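Hi everyone, thanks for coming.

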Amino acid sequence: MKQWFLNLEKREQRIVSIGAPLLLVFLIYSFGWQPISESVELLKTQTQSQTQTLQWMRKAAVEVKQLRGNTTQRARIPAGQSLLAVIDKTTQTAQLGKAVKRIQPKGKNGVQIRLEQAAFDNMIDWLNKLKTQQGISITTISIERLDTPGLVNARISLASSV
C-alpha cells in the first residue's frame, strides 16, 4: 500500500491524502452516527407515546376501581330475604310473573329459573336490575328465540355474592 502511494504523482498523493480522511469521516457518519441518532430519536418518540398510554391506563384503572366500589356497596340482597324470595318478587315487578315456569334452588347461593314466552326487553331489564341493585349475577344463560317477535324462552342460573 505504501509503495502504491509513493508511486503516485505529487498531485495525486495530495488528493489521496485529503480525500481518504474525508471519505473515512463520511463513511463513519453515514453508517455509524446517523443510524444511531435516528434510532435514538425513534426510541424517544416511542417512549413518550408509551408514557402517555400508561398515564391514561392508570387513570382508567382508578375509574374502574371507583365504579366497582360503587356497585358492590349498593348491590346487596336485603337482610332477612332469601334469594328465592328476591327472585320471585322482582319477576313480578318486571312483569315476568306469568313467564316463570320453574324456580329451583341451586347450591347455597344460587337459583335456576325457567322462563317461557317472556318479553325479551323485560327480561334484560330485570337481569340488569338484579345485578346492579341486588348483587345477583348470571352464571349461565340460555335464550331461545320464539316465532313471536320479542318473546323468548330462557334458562338462567343466578348466584348471589352473599
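I'll talk about confidence, then a pair of helices, then a hairpin.

So, first thing to keep in mind: this is a predicted model. If we go element by element, strand β2, residues 110-119, has the highest mean pLDDT, at 94. At the other end sits helix α1, residues 2-7, with the lowest, 86.

Okay, on to the helices. When two helices pack, we describe them by the angle between their axes and the distance between those axes. Here, helix α3 (residues 83-93) packs against helix α4 (residues 120-134) at an angle of about 130 degrees, and their axes are 11 Å apart. Because of that angle, α3 counts as oblique to α4. The crossing of α3 past α4 is right-handed. Which residues make the contact? From α3 you've got V86, I87, T90 and T91, and from α4 there's W126, L130 and Q134. Sort the residues of this contact by type and you find four nonpolar, three polar and no charged.

Last stop, the hairpin. Strand β3, residues 136-145, and strand β4, residues 151-160, run antiparallel, and nine bridges join them. If you want a spot to look at, find I141: opposite it, in β4, stands I156. Between the two strands there are five residues, and in this hairpin G150 takes a positive phi near 90 degrees.

Terms used: Residues are numbered from 1 along each chain as its sequence is written. This is a predicted model: local features need pLDDT of at least 70, side-chain atom pairs count only at pLDDT 80 or more; totals for chains, interfaces and linings use all residues. Side-chain values use heavy atoms; hydrogens and water are left out. Two strands pair if DSSP finds at least two bridges between them. Helices (H or I, at least four residues) and strands (E, at least two) are DSSP runs, numbered from the N terminus. Axes are lines fitted to C-alpha atoms, for helices over the stretch in contact, and angles run from 0 to 180 degrees between N-to-C directions. Angles under 35 degrees count as roughly parallel, over 145 as roughly antiparallel, 65 to 115 as roughly perpendicular and the rest as oblique. A crossing is left-handed if the near helix is turned anticlockwise from the far one by less than a right angle, and right-handed if clockwise. Contact means heavy atoms within 4.5 Å. Ala, Val, Leu, Ile, Met, Phe, Trp, Tyr, Cys and Pro count as nonpolar, Asp, Glu, Lys and Arg as charged, and the others, Gly among them, as polar. pLDDT is the predictor's confidence in each residue, from 0 to 100.
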